[in-house]
Amino acid sequence: MPANLRALSIVAFFSLLLPQSAHAQVADELDAYWAEVSRTVAEGDFESYAALYHPDAVLVSGFSNESFPISRALGGWRQGFVDTAEGRAEAGVDFRITQRLHDGTTAHETGIFRYTLTPENGEPIVAVVDFEALLVKKDGEWLMVMEYQKGEATEEEWEAAAE
């Protein structure tokens, strides 16, 4: 058996040894991470939201076909948080994870998020987005290192992701 195939087989074998309870615990932690993202958006808690990203995180945008540091994206999103915190808007984001690959310290999440921003005296703005995220666990906390907003999803895809 070639060395690289042998190494792959060993890695696959040992990944099966991860206790199911540990697997479920990580899934619960990741669910809590996404719940915290939702909370910070709904409350306009920009500082806590920004802290959910690794300092060197990258946003990959399928909308603009570019990637850039999350700090640039956060700068563009800040006003929405301020408006929400000060009551000039209501915001919310919900996630539906369709694929979850992880171990105890790394995760790749695939799914759809639905973001809604309703300006004061305005009509809701809704974005339904296919996304992928890479996360690492540092000092006991999950941090996103890459957010890939792949493109617009349909309402039908959103509904299907709930099943």
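Predicted model: local features only at pLDDT ≥ 70, side-chain atom pairs only at ≥ 80, totals over all residues.
Residues are numbered from 1 along each chain as its sequence is written, and side-chain values use heavy atoms, with hydrogens and water left out.

The protein chain has five helices and six strands, these being DSSP runs numbered from the N terminus (helices H or I, at least four residues; strands E, at least two). Along the sequence these elements follow the pattern α-α-α-β-β-α-β-β-β-β-α. Of the 163 residues in the protein chain, 34% are buried, where buried means under 20% relative accessible area, exposed over 50%, and partly exposed in between, for a 1.4 Å probe and protein chains only. Among contacts with a separation of 6 or more, 55% are between residues 24 or more positions apart, a contact being heavy atoms within 4.5 Å.

The six strands form an open sheet of mixed pairing in the order β2-β1-β6-β5-β4-β3, two strands being paired if DSSP finds at least two bridges between them. Strands β2 (66-69) and β3 are the edge strands, each pairing on one side only, and the twist from one strand to the next averages 25 degrees. Strand β3 (residues 89-102) runs antiparallel to strand β4 (residues 106-119), with 13 bridges between them, and a hairpin of three residues joins the two strands; within this pairing, Asp94 has Arg114 in β4 as its bridge partner. Strand β4 is also joined by 12 bridges to strand β5 (residues 125-138), again in the antiparallel sense, and here His108 has Leu134 in β5 as its bridge partner. Helix α4 (residues 70-85) lies across β1 (53-61), β2, β3, β4 and β6 (141-152), and runs at about 95 degrees to β1, where axes are lines fitted to C-alpha atoms, for helices over the stretch in contact, and angles run from 0 to 180 degrees between N-to-C directions.

Helix α4 contains Thr84, which is buried, with a relative accessible area of 9%. Leaving aside neighbours within four places in sequence, Thr84 is in contact with residues including Val41, Glu43, Ala89 and Leu117. In strand β1, Ser61 also counts as buried, at 9% relative accessibility, and touches Glu66 and Gln149 when residues up to four places away in sequence are not counted.

The structure holds 12 salt bridges, each defined as a side-chain nitrogen of Lys or Arg within 4 Å of a carboxyl oxygen of Asp or Glu. One of them joins the side chains of Glu29 and Lys137 (2.8 Å, N to O), and this pair links distant parts of the chain, with Glu29 in helix α2 (residues 20-43) and Lys137 in strand β5, 108 residues apart. Glu132 forms another salt bridge with Lys150, their closest N and O atoms being 3.1 Å apart; Glu132 lies in strand β5 and Lys150 in strand β6, 18 residues apart. In this pair Glu132 counts as buried at 17% relative accessibility, whereas Lys150 is partly exposed at 36%. The side chains of Arg39 and Glu43 also meet in a salt bridge (2.5 Å, N to O), and because these residues are four apart in helix α2, about one helical turn separates them. Both belong to a network of salt bridges that links Glu36, Arg39, Glu43 and Asp45.
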